[in-house]
Amino acid sequence: MKDIYVIYWSGTGNTEIMARSVAEGIDRGGARGVLLEVGSASPEMVKDEPVFALGCPAMGAEELEEGEMEPFVSAVEAFASGKKIGLFGSYDWGDGEWMRQWCGRMESAGAVIAGGEGVTANNEPDDQALAACQRLGEELTK
């Protein structure tokens with residue numbers, strides 16, 4: 001069974017809930033979702049992986065968390081070309097600009113965004129957002 005990493009940062013727990021749903025979708029798709037908080041992961045873990053997922057909520061002025069997730073994503077940009085990456089996260093304000101920018105960064109680095117766009121949830125993910133996360137996980141197994 002193939003392992004697919006789901007690496008995330010969560011401040012309130014909302015993005016962690018989403019990460020668990022992505023991993024469930026991966027499991028349903030026939031692979032094994034491996035959940036890791038970004039502080040317990042390293043970019044080298046996914047460098048040779050063709051597929052993985054990253055999750056982070058919107059912070060500050062709609063940006064990635066600066067202490068752990070931003071450095072991780074910056075490192076991934078160097079080897080993202082040709083990889084299929086699922087992106088997800090929650091937000092409390094704004095309109096999801098951080099996710100559009102994040103998708104754009106990964107696409108500019110040559111990655112393919114699973115599902116064509118990131119999955120977002122306003123605050124705590126509702127049933128619709130959790131279903132979208134599960135679909136994202138399943139998409140990563142194809």
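In which sense, right-handed or left-handed, does α3 pass α4? Keep that in mind while you get your bearings. The model on screen is a predicted one.

**Stop 1: the whole chain**

Show the protein chain as a cartoon. You will find five helices and six strands.

How does the radius of gyration compare with that of a compact globule? For 142 residues such a globule would have a value near 14 Å, and the protein chain has 13 Å, which agrees. Colour by accessibility next. Of the 142 residues, 51% count as buried. Residues 24 or more positions apart account for 78% of them.

**Stop 2: α3 against α4**

Select residues 69-77 for helix α3 and residues 97-108 for helix α4. The two axes come within 9 Å and cross at roughly 30 degrees. An angle under 35 degrees counts as roughly parallel, so α3 and α4 are roughly parallel to each other. Here is the reply to the opening question: α3 passes α4 in a right-handed crossing.

Show side chains where the helices meet. From α3, pick M69, E70, V73, S74, V76 and E77. From α4, pick W102, R105 and M106. Sorted by class, the residues of this contact are five nonpolar, one polar and three charged.

**Stop 3: E77**

Stay in helix α3 and centre on E77. Is E77 buried or partly exposed? Its relative accessibility is 27%, so E77 counts as partly exposed. Leave out residues up to four places away in sequence, and E77 touches R105, M106 and A109.

**Stop 4: A109**

Step from E77 to its contact A109. A109 lies in the loop between α4 and β5. At 18% relative accessibility, A109 counts as buried, because the cut-off for buried is under 20%. Setting aside residues up to four places away in sequence, A109 touches E77, A80 and S81. A109 and K47 are 62 residues apart along the chain, with 14 Å between their C-alpha atoms.

**Stop 5: I113**

Move on to strand β5, residues 112-113, and select I113. Its relative accessibility is 6%, so I113 counts as buried. Which residues does I113 contact, leaving aside neighbours within four places in sequence? They are I85, L87, C103, M106, E107 and G118. Pick out L87 from that group. I113 and L87 are 26 residues apart in sequence, yet 7.3 Å apart in space, C-alpha to C-alpha. Look at M106 too: M106 is in contact with I113, and M106 is also touched by E77.

**Stop 6: α1 against α5**

Now select helix α1, residues 14-28, and helix α5, residues 127-140. The axes of α1 and α5 come within 6 Å and cross at roughly 45 degrees. That angle makes α1 oblique to α5. The crossing of α1 past α5 is right-handed.

Show the side chains of the contact. On α1, display I17, M18, S21, V22, E24, G25, I26 and R28. On α5, display L130, C133, Q134, L136, G137, E138 and L140. By class, this contact has eight nonpolar, four polar and three charged residues.

**Stop 7: two loop residues**

Finish in the loops. Where does E62 lie? E62 is in the loop between β3 (51-55) and α3. Its phi is near 55 degrees, a positive value in a residue other than glycine. E62 has 11% relative accessibility, so E62 counts as buried.

Last, select N123. N123 lies in the loop between β6 (119-122) and α5. The phi of N123 is near 60 degrees, positive in a residue other than glycine. With a relative accessible area of 32%, N123 is partly exposed.

How values were computed:
Residues are numbered from 1 along each chain as its sequence is written. This is a predicted model: local features need pLDDT of at least 70, side-chain atom pairs count only at pLDDT 80 or more; totals for chains, interfaces and linings use all residues. Side-chain values use heavy atoms; hydrogens and water are left out. Axes are lines fitted to C-alpha atoms, for helices over the stretch in contact, and angles run from 0 to 180 degrees between N-to-C directions. Helices (H or I, at least four residues) and strands (E, at least two) are DSSP runs, numbered from the N terminus. Angles under 35 degrees count as roughly parallel, over 145 as roughly antiparallel, 65 to 115 as roughly perpendicular and the rest as oblique. A crossing is left-handed if the near helix is turned anticlockwise from the far one by less than a right angle, and right-handed if clockwise. Contact means heavy atoms within 4.5 Å. Ala, Val, Leu, Ile, Met, Phe, Trp, Tyr, Cys and Pro count as nonpolar, Asp, Glu, Lys and Arg as charged, and the others, Gly among them, as polar. The radius of gyration is taken over C-alpha atoms; the globule rule is 2.2 Å times the number of residues to the power 0.38. Buried means under 20% relative accessible area, exposed over 50%, partly exposed in between (1.4 Å probe, protein chains only).
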